[in-house]
Amino acid sequence: MTTRKITKIIPALETSDGAGVRVRRSIGSMLGLRLDPFLMLDEFGTDDPNDYIEGFPSHPHRGFTTVTYMIDGRMEHRDHLGNVGNLGPGGLQWMDAARGVIHSEMPKQTEGRMRGFQLWINLPAAQKMRPASYRDFTPQDIPEVGLAAGGSVKVLAGTAQLDGKAVPGPVNGARHDVATDPLYLDIALPANVSFTHPVPPGYSAFVYVYEGSVTVGDNATQVLPVHQAGILDDAGDEVMLRSGAQATRLILVAGRPLGEPVEQYGPFVMNTREELAQAVHDYQAGTLTEPAPEHVRDARRRAPDA
């Protein structure tokens, strides 16, 4: 087995999105700071409701997948297709915007802590214009496995190899028609504990620490501090992690690169400038999304506040 090493560290920059929600953005914080197929990673985490209370009012997406993982707090999703999802602590939302989604994500709390991640994963050209889809997963859908050495792992996507056992998460590559075959693990380690996990050679991979710090690889100088993304080389077939002097929480994410050109304008991600211009035109013309099914239109007429 060959251990992967950090090739680049991307500090998370504090910024705001939506109607003023405070986030820390690492991958995607600037042009060129993508990691095929991953377009953006936002960490949100605050005890101050002023940092999240206005939420993310209605806005569009086209051409990629949004993955929202809630650690603390509650958020409600509503979209043009009539989907309503209540994302609570430990829940996962997987939305293929594909041809187009117009949705909102609004807090369902007025006080207390809200913390989690939103990851954007690119879709291949062949899937960018297919109908949108949406899935919610409760904490009970997400396996959490205790480690023999201490700590635990939640398997959000892909299949984890934990203490000699294969543990599938709720979203799995070819079985769910996810071309990038993502692996997404939330890892909690006590102080000074090691954890090793396989990653297919050639797959893109990164580690993001949100509590504590971690040493990556067999080089003790490669320490990744809190609120930073460590981009790993693609030559090795395993990731070796060791927590620092305090308990550590981090995510490990990997996926198959698409190797396709990327043109992005805000919430639209396509392969060419012409396709990008068409996405903007479609949104302005009101034709971005798939038409809502008839039963959804009927329900809206009966309940206009929905």
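In what order do the seven strands of the open sheet with antiparallel pairing stand? The order is β2-β3-β4-β11-β6-β9-β12. Helices (H or I, at least four residues) and strands (E, at least two) are DSSP runs, numbered from the N terminus, and two strands pair if DSSP finds at least two bridges between them. The model is predicted, so that local features need pLDDT of at least 70 and side-chain atom pairs count only at pLDDT 80 or more, while totals for chains, interfaces and linings use all residues. Residues are numbered from 1 along each chain as its sequence is written, and side-chain values use heavy atoms, with hydrogens and water left out.

In the seven-stranded sheet, β2 (13-17) and β12 (133-137) are the edge strands, each of which pairs on one side only. From one strand to the next, the twist averages 20°; axes are lines fitted to C-alpha atoms, for helices over the stretch in contact, and angles run from 0 to 180 degrees between N-to-C directions. Eight bridges link β4 (residues 38-46) with β11 (residues 114-122) in the antiparallel sense, and G45 stands opposite R115 of β11. The peptide bond between D36 and P37 is cis, with omega about 10°. Most residues other than glycine have a negative phi, and most peptide bonds are trans.

A further open sheet consists of four antiparallel strands in the order β18-β23-β20-β21. Its edges are β18 (194-198) and β21 (223-224); each has a single partner strand, so one side of each is left without a neighbour in the sheet. Five bridges connect β18 with β23 (residues 238-243), again in the antiparallel sense, and F195 has L241 in β23 as its bridge partner.

Strand β14 (152-157) is largely enclosed by the rest of the structure, because five of its six residues are buried. Three bridges join β14 to β13 (residues 144-146) in an antiparallel arrangement, with G146 opposite S152. The hairpin of β13 and β14 has five residues between the strands, and G150 there takes a positive phi near 115°. Strand β14 is also joined to β17 (residues 183-189) by five bridges, and these two run antiparallel; V155 stands opposite L185.

The largest nonpolar core has 29 residues, and those with the most contacts inside it include W94, F117 and L119. Such a core is a set of buried Ala, Val, Leu, Ile, Met, Phe, Trp, Tyr and Cys residues joined through side-chain atoms within 4.5 Å. Among the elements that give two or more residues to this core are β4, β11, β14 and β24 (248-255). A second, separate core has 27 residues, including I6, V153, F195 and V199. Contact means heavy atoms within 4.5 Å. With neighbours within four places in sequence left aside, the contacts of L119 include F38, T65, Y184 and V253.

Helix α1 covers residues 273-285. At 1.5 Å a residue, its 13 residues should span 18 Å, and the end C-alpha atoms are 18 Å apart, which agrees; the expected span is 1.5 Å times one less than the number of residues. L276, A279 and D282 of α1 are buried. These residues cover an arc of only 120° around the axis, which puts them on the same side of α1; the arc is that of the directions from the helix axis to the C-beta atoms. The buried residues of α1 pack against β25 (263-265) and β26 (268-270), whereas R273, E274 and Q284 are exposed on the other side. E275 is partly exposed, with a relative accessible area of 32%. Just after the helix, G286 takes a positive phi of about 80°.

Technical notes:
Buried < 20%, exposed > 50% of the residue type's maximum accessible area, 1.4 Å probe, protein only.
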